Amino acid sequence: SAGVNSGVDFMSLGHLFFKAEYRALDKNFVPGYFNDNYETNPINLASIEVSSGNKNGYLVQADAAVMDILSAMAAFESYEKSNPTITARAKVDYDKYYVQYGFNQSNFVDFRSFTLDNGAVLTTDIGYKVNPNTMLIWHYKSAYDPTVGQVVNSSYYEAKIGF
């Protein structure tokens, strides 16, 4: 990849970062393979034609944070012979509590396509730090499942242990 990566770090007050890059990827690269729809609508690799050339594209991303409490990220990613992807996340991490909201639209056509029926995925993570090394997290996801023809809501719990 080639591009620019710039930012400003305001010490303990926060930061702003920006990245724009052009990417040259192998012909066997499959954009969005491990995306938010992987479990509900995985890409069938056997049905994807391998092109004779590389899959080139670009990524534009912005990140911001305020005092390590509030952070946000937005990214636009597009490759040849595939639909662009828009991703956004906002996170609040304060004391023992953690909340993150996420949005992913892997088949972005225009701003009217921001619906679950068009492949958008909404996620929410809520966590509680039991101690400095253990966090309990509830994950919630809302996404369209084409096998059942409707929006499916799912959730699971996680115990995250760090060493």
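A residue counts as buried under 20% relative accessible area, as exposed over 50%, and as partly exposed in between. In this predicted model, Tyr140 has a relative accessible area of 29% and is therefore partly exposed. Trp138, at 26%, is partly exposed as well.

Tyr58 is partly exposed at 38% relative accessibility, and Phe76 is partly exposed at 23%. For Trp138 and Tyr140, the ring centres are 5.6 Å apart and the planes stand at 35°, so this pair is tilted.

Turning to charged side chains, the structure holds 3 salt bridges. Arg23 takes part in a salt bridge with Glu21, where the closest N and O atoms are 2.6 Å apart; both residues are buried. Arg23 has a relative accessible area of 19%, which is under the 20% limit and therefore counts as buried. Arg23 also meets Glu77 in a salt bridge at 3.1 Å, N to O. Glu77 is partly exposed at 26%.

A further salt bridge, 3.0 Å from N to O, brings Lys129 and Asp93 together. Lys129 belongs to strand 7 (residues 120-131) and Asp93 to strand 5 (residues 85-94), so parts 36 residues apart in sequence are tied together. Lys129 is partly exposed at 25%, and Asp93 is partly exposed at 22%. Through shared partners, salt bridges join Glu21, Arg23 and Glu77 into one network.

How values were computed. Residues numbered from 1 in each chain as written. Predicted model: local features only at pLDDT ≥ 70, side-chain atom pairs only at ≥ 80, totals over all residues. Heavy atoms only, no water. Buried < 20%, exposed > 50% of the residue type's maximum accessible area, 1.4 Å probe, protein only. Phe/Tyr/Trp six-rings, centres within 6.5 Å; stacked < 30°, edge-to-face > 60°. Salt bridge = Lys/Arg side-chain N within 4 Å of Asp/Glu carboxyl O. Helix = DSSP H or I, 4+ residues; strand = E, 2+ residues; numbered from the N terminus.
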